[in-house]
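I looked up the aromatic ring pairs in this entry, together with the charges placed over rings. My notes follow.

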Amino acid sequence: MFGNFVFDIDGAVAIVADYEKEKVEKDVKKKLGIKYFKKHCLVGYGYPHYIFPGYYALFKWLHSKGGKIIFFSSGIEERNIDIVDKIMKMSFGDSVSEVEYKVFSRHHCIDTNLLTDRGAEKYQSHFYGQRKKKLAGIVVPEEELPHTLLIDDDNSYMVKGEEYNFVYLRYCYQYLQEGRYRESESFTIFHRAYYLAGLFSKIFNIREEKNISLVEAAKYVQIDFEGKELSRDFYYPGTERIEYYINGLDILNQIDPALKFYYDIPKLSE
């Protein structure tokens, strides 16, 4: 199988404007334009969700390669299904009915607070979390775990034994980045779908070159290639490698030629 790609929603794919909705809408329209706003602002469960650029193309690209698209958010099921259906409709248009996808929600998470200390220990990894997004046996069968990646901006959802299934995105809680970070961080945080395209492309190449599993390739690219080991202090330095973003945009432009960078490109990392 090509692989299962399990996406978080909030902070990873989208930002919910649950307060200051009018201000956020005004700012997005001013910086990015009305056309961008209409394409990337989707209302789910009564709240505007701002989708980061490139995700519609990313999902089409993964699907074209044979990848299975799955969503796993700790939000409530009604909201998750509503917004995911709209995201997939925007991604695939009239052919969305031909695309199989699944949605997992809060009640699928393991709430470690409901377990004994010994029981919770089975799930806590390098990063403590109340809720855990276990893949094997919940999202995918055990035998598909080596071919499954969890893409999330909150590493507290990482489960013991599934550490190398984790693909990390920089944490994000607001859509536009002006005045919040240094220039390079604004670029990397906003263009997260481009980063994933570039990162996945390298992972796919390494998988083929080394004849290893998807998860082994993801570990190699995110950790081994960086000369690091996974620990509580590991911060996934690949998220700062600008070449992933540039290569990712090239890939996604084959699906959507209108895609571009919305923040200036920082200097290439060494």
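I first checked burial and found that Trp61 and Phe204 are both buried; buried means under 20% relative accessible area, exposed over 50%, and partly exposed in between, with a 1.4 Å probe and protein chains only. The model is predicted, so I noted that local features need pLDDT of at least 70, that side-chain atom pairs count only at pLDDT 80 or more, and that totals for chains, interfaces and linings use all residues. Residues are numbered from 1 along each chain as its sequence is written, and side-chain values use heavy atoms, without hydrogens and water.

I then counted pairs: the structure holds 28 aromatic pairs. Rings of Phe, Tyr and Trp (its six-membered ring) pair if their centres lie within 6.5 Å; planes under 30 degrees apart count as stacked, over 60 as edge-to-face and the rest as tilted. The ring centres of Trp61 and Phe204 are 5.8 Å apart with planes at 40 degrees, so I recorded this pair as tilted. Trp61 belongs to helix H3 (residues 55-64) and Phe204 to helix H7 (residues 192-210), so the pair ties together parts 143 residues apart in sequence. Helices are DSSP runs of H or I with at least four residues, numbered from the N terminus.

I next examined Tyr195 and Tyr245, a tilted pair with 5.3 Å between centres and 35 degrees between planes. Tyr195 counts as buried at 2% relative accessibility, and Tyr245 is buried at 1%.

Finally, I looked up charges over rings, which require NZ of Lys or CZ of Arg within 6 Å of the ring centre and within 35 degrees of the ring normal. The charged end of Lys29 sits over the ring of Phe37, 4.6 Å from its centre.

Conventions:
Helix = DSSP H or I, 4+ residues; strand = E, 2+ residues; numbered from the N terminus.
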